[in-house]
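This report describes selected features of a single structure.

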Amino acid sequence: MLTLARARLMMIEKNITLEHKTLNIVAGECLEPEFVRVNPKAALPVLVDGEKTISESKDIVWYFDNLDGKPLGPDADRQLVKQWFDKTAEWDGNCFIRAKAPKAAQGFFQQMANLMRKICESRLKEHKDDPFLAKAYQDKINVIDANHMGDPEHQRKTIEDLETILNDAEKQLQKTSYLAGEQYTVADVLMTPLLYRVGLAGQLDLALKERPSVKSYYERMKQRPSFQKTFSATFSQKVPVLDMMPFVWKSLYGSITGRY
């Protein structure tokens, strides 16, 4: 999940350490009541700092960047930083992968959505007398049912938005080394996972074919220690397979017992 990569990149770049707990999203661990009480959206990542809870990856990254009053690239054009941050933060990478995935993968996406819905239905029944949890699970069911990632119009807009982002990036990177000038900033923290996600969809070569400045920029981003530490596990094919086992088991167990 590359929204997590945003936060991890920023933590490494700013040398931020904190206590953390890893959850298997595919296995539905973020749908368990203990986590839903922390983040009613039942999504990752989420940051808890004292009484403050932040549940959007872009907000977590922005919070980290300004935590000590010393943002990455202190001499960069802050207005340009914010413009690039906003432009990349709202791009729907999950929808892009869904749009470009082969037909075989489309079936998996639907199976996973079905499992998530069944887990929510089960938890809703278990906690129907708890107004907070009941609302959170019903809201999550509504989000799953909306399935905007599978909507052709939303997919079309996501692809068009990517073209705009990459075209603008090519123009900017012809003039500067980074998106907001000559220093690495939070704008680059968000752009890096965006390009990585395009690569996961098998579209990177095509996307960068006529954008040499973006291609050179991404090669430099991949050399940063933060990139190596954030994405190195993904290079191993064993990790995704192992992560999928709880999903397979939970689906099989639920189909046999009716319990999720």
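## Backbone geometry in the loops

N15 is placed in the loop between α1 and α2; helices here are DSSP runs of H or I of at least four residues, strands are runs of E of at least two, and both are numbered from the N terminus. The model is predicted, with local features requiring pLDDT of at least 70 and side-chain atom pairs counted only at pLDDT 80 or more, while totals for chains, interfaces and linings use all residues. Residues are numbered from 1 along each chain as its sequence is written, and side-chain values use heavy atoms, leaving out hydrogens and water.

Although N15 is not a glycine, its phi is positive, at about 55°. N15 is exposed, with a relative accessible area of 66% (buried means under 20% relative accessible area, exposed over 50% and partly exposed in between, with a 1.4 Å probe and protein chains only).

A42 lies in the loop between α2 and β1. A42 is a residue other than glycine with a positive phi, near 55°, and at 4% relative accessibility A42 counts as buried. P45 is also placed in the loop between α2 (33-36) and β1 (47-49). The peptide bond joining L44 and P45 is cis, with omega about 0°.

The buried residues in α1 are L2, T3, A5, R6, A7, L9 and M10. Among the elements that cover them are α3 (57-65), α4 (78-89), α9 (186-200) and α12 (225-231).

## Salt bridges

The count of salt bridges comes to 19, where a salt bridge is a side-chain nitrogen of Lys or Arg within 4 Å of a carboxyl oxygen of Asp or Glu. Side chains of opposite charge can pair when their charged atoms come close. One of the salt bridges joins D59 and K58, with the closest N and O atoms 3.4 Å apart. D59 is partly exposed at 34% relative accessibility, and K58 is partly exposed at 21%. E32, R123 and E126 are linked in a network of salt bridges.

Helix α8 (residues 152-173) holds E153 and R156, which are 3 residues apart and so separated by about one helical turn. The closest N and O atoms of their salt bridge are 2.3 Å apart. E153 is partly exposed at 46% relative accessibility, as is R156 at 38%. Also in α8, D161 and K157 lie 4 residues apart, about one turn of the helix, and their side chains meet in a salt bridge of 2.9 Å, N to O. D161 is partly exposed at 29% relative accessibility, and K157 is partly exposed at 45%.

## Contact of α8 with α11

The axes of α8 and helix α11 (residues 212-222) come within 8 Å and cross at roughly 80°. Axes are lines fitted to C-alpha atoms, for helices over the stretch in contact, and angles run from 0 to 180 degrees between N-to-C directions. The two helices, α8 and α11, are therefore roughly perpendicular to each other, a class that covers angles of 65 to 115 degrees.

In this contact (heavy atoms within 4.5 Å), L166, A169, E170 and L173 of α8 meet P212, S213, V214 and Y217 of α11. By class, the contact has 6 nonpolar, 1 polar and 1 charged residues; Ala, Val, Leu, Ile, Met, Phe, Trp, Tyr, Cys and Pro count as nonpolar, Asp, Glu, Lys and Arg as charged, and the others, Gly among them, as polar.

Notes
Angles under 35 degrees count as roughly parallel, over 145 as roughly antiparallel, 65 to 115 as roughly perpendicular and the rest as oblique.
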